[in-house]
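Let's go through this one together, asking at each step what the words really stand for.

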Amino acid sequence: MDIHLSYVLCSVIGQLQTYSHQLEIERGRDAQIPLEERICQLCHQGVGYEEHYVCNCSVFYELRGEVPLPL
């Protein structure tokens with residue numbers, strides 16, 4: 001199977017793999033902010049880990065093809 005990804009998507013995947021992104025988990029580490037205070041700046045519902053943005057962040061439900069959960 002041959003899958004072609006856009007340049008932008010390949011760049012984002014590469015940044016996630018090498019931790020060279022600007023997500024809260026890395027920015028907070030540089031600023032010495034405690035882990036539990038590195039909250040996602042998009043949904044404010046969890047620590048800004050890579051997994052949070054890809055799998056859990058409510059801002060990206062539609063992009064993932066999911067229905068948002070009621071608050």
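**Pocket, core and helices**

Q: What makes up the lining of the largest pocket, sorted into nonpolar, polar and charged?
A: The lining splits into 9 nonpolar residues, 2 polar and 1 charged. Ala, Val, Leu, Ile, Met, Phe, Trp, Tyr, Cys and Pro count as nonpolar, Asp, Glu, Lys and Arg as charged, and the others, Gly among them, as polar. By the way, this is a predicted model, where local features need pLDDT of at least 70 and side-chain atom pairs count only at 80 or more, while totals for chains, interfaces and linings use all residues. Residues are numbered from 1 along each chain as its sequence is written, and side-chain values use heavy atoms, leaving out hydrogens and water.

Q: Which residues lie nearest the centre of the largest pocket?
A: Val12, Leu16, Tyr53, Val54 and Leu63, out of 12 lining residues. Helices H1 (7–18), H3 (50–56) and H4 (61–64) each give two or more residues to that lining, and H1 has the largest share, with 5.

Q: How many helices and strands does the chain have?
A: There are 4 helices and 0 strands; helices are DSSP runs of H or I with at least four residues, strands runs of E with at least two.

Definitions and conventions. On a 1 Å grid over the protein atoms alone, a cavity is a set of points where a 1.4 Å probe fits but cannot get out, and a pocket is an open set with protein on both sides within 12 Å along at least five of seven lines; lining residues have an atom within 4 Å of a point.
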